[in-house]
Amino acid sequence: MSEGRLADRAYAGIVEIINGDALDVGDRLPSEARLAEMFGMSRTIVREALVRLAADGITEARRGAGSFVKGRPSDRLIAFMPMDHMSATFGTYEVRFVLEAEASRLAATRRSAEEMAGIDAAMHALRTALLSSAPAHDEDMELHRRIVLATANPAFLIAFEALFADVERIMRAGVDISRSRPPEVIGAMLREHEMLVDAIRAQDADGAALAMRWHLSEGRKRLLP
C-alpha cells in the first residue's frame, strides 16, 4: 500500500479516536509514537496524517506539547462520505482555494454579458433552493461551474470536473449540516455566494478571488460542529 493510502488510513483512524473517545476541542491526542504503535505504521505516516488534519482544521500542533483537537467533524458528515475517503475529500479544499479563487478572478475580468446572465440565473436557482427544503447541491455545483466557464479557459473546467465526486459530497454535506443548525447559517452561505457574484458582476477581480476564498474557508468550517 502506498504511503498516501496509509496516511489516509491514519487520518481516518485519528478521526475515529476523536469521535469514538468523545474528545472535545482542546483535548490532547495520543503522541505520534503512541498513534504509530496503535495503527502499526511509522511515525512518518502518522505525522503526514496529522499535517493533513491540521490543514483541515481538525487538529492543531503545539510546539513541545503534541497535537490537540481543534474541531470535531460533524456526526452528520459521516453519512455523506466514508471515513476512509475523508482525507482525500477534505484535501480537495487546498486545490479549490487555488483553482476556484483564480477562476473567480479571471471570470470577473473576462465574463461576457451572456455568461454573467448565466451566473445570475444560477445564483437565483441556488437562492430558491437554499430558502426551501429542497436539495441545493446541484444548484450550488452549477453556480461554481458557471464561474469556471466564464474564465474562457477550458483547462479550468477540466480541472474542476476532475474534482466533481469529492466536491459533490462536500456540497451535499454542507447543505444538510447547515440546515440542521439555526437559520442564520443558511443565510451566511447565501450571502457568501451573493458577495462572490456581485464582485464578478462589478468586474472586481481581487474582490471575486477573495470572496471565493472566504466562501470556501467558511464552507470547510461548516463541516465541523
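A cavity is a set of points, on a 1 Å grid over the protein atoms alone, where a 1.4 Å probe fits but cannot get out. By this rule the count comes to one cavity of 30 Å³ or more. The model is predicted, so local features need pLDDT of at least 70 and side-chain atom pairs count only at pLDDT 80 or more, while totals for chains, interfaces and linings use all residues. Residues are numbered from 1 along each chain as its sequence is written, and side-chain values use heavy atoms, with hydrogens and water left out.

**Cavity**
- The largest cavity holds about 160 Å³ of space, a volume being the space filled by probe spheres set on the points, with grid points joined across faces, edges and corners.
- Its lining (residues with an atom within 4 Å of a point) has 15 residues, and Tyr93, Asp140, Ile170, His215 and Gly219 lie nearest the centre.
- At least two lining residues come from each of helix 4 (86-110), helix 6 (137-149), helix 8 (164-179), helix 9 (183-201) and helix 10 (205-222); helices are DSSP runs of H or I with at least four residues, and strands are runs of E with at least two, numbered from the N terminus.
- By class, the lining has seven nonpolar, five polar and three charged residues, with Gly counted as polar.

**Helix 8**
- The 16 residues of helix 8 should span 22 Å at 1.5 Å a residue, which agrees with the 22 Å between its end C-alpha atoms; the expected span is 1.5 Å times one less than the number of residues.
- Its buried residues (under 20% relative accessible area, 1.4 Å probe, protein chains only) are Asp166, Val167, Ile170, Met171, Ala173, Gly174, Val175, Ile177 and Ser178.
- Cover for these buried residues includes helix 4, helix 5 (113-130), helix 6, helix 9 and helix 10.

**Threonine 89**
- Threonine 89, in helix 4, counts as buried because its relative accessibility is 0%.
- Contacts (heavy atoms within 4.5 Å) of threonine 89 are Met81, Asp166, Arg169 and Ile170, leaving out residues up to four places away in sequence.
- Threonine 89 and glutamate 168 are 79 residues apart in sequence and 9.7 Å apart in space, C-alpha to C-alpha.

**Hairpin**
- Strand 1 (residues 59-62) and strand 2 (residues 66-69) pair in the antiparallel sense over four bridges, where pairing requires at least two DSSP bridges.
- Threonine 59 stands opposite valine 69, and glycine 64, in a hairpin with three residues between the strands, takes a positive phi near 80°.
- Serine 67 of strand 2 counts as buried because its relative accessibility is 13%.

Conventions. 1 Å grid on protein atoms, 1.4 Å probe; cavity = no way out; pocket = protein on both sides within 12 Å on 5 of 7 lines; lining within 4 Å. Buried < 20%, exposed > 50% of the residue type's maximum accessible area, 1.4 Å probe, protein only.
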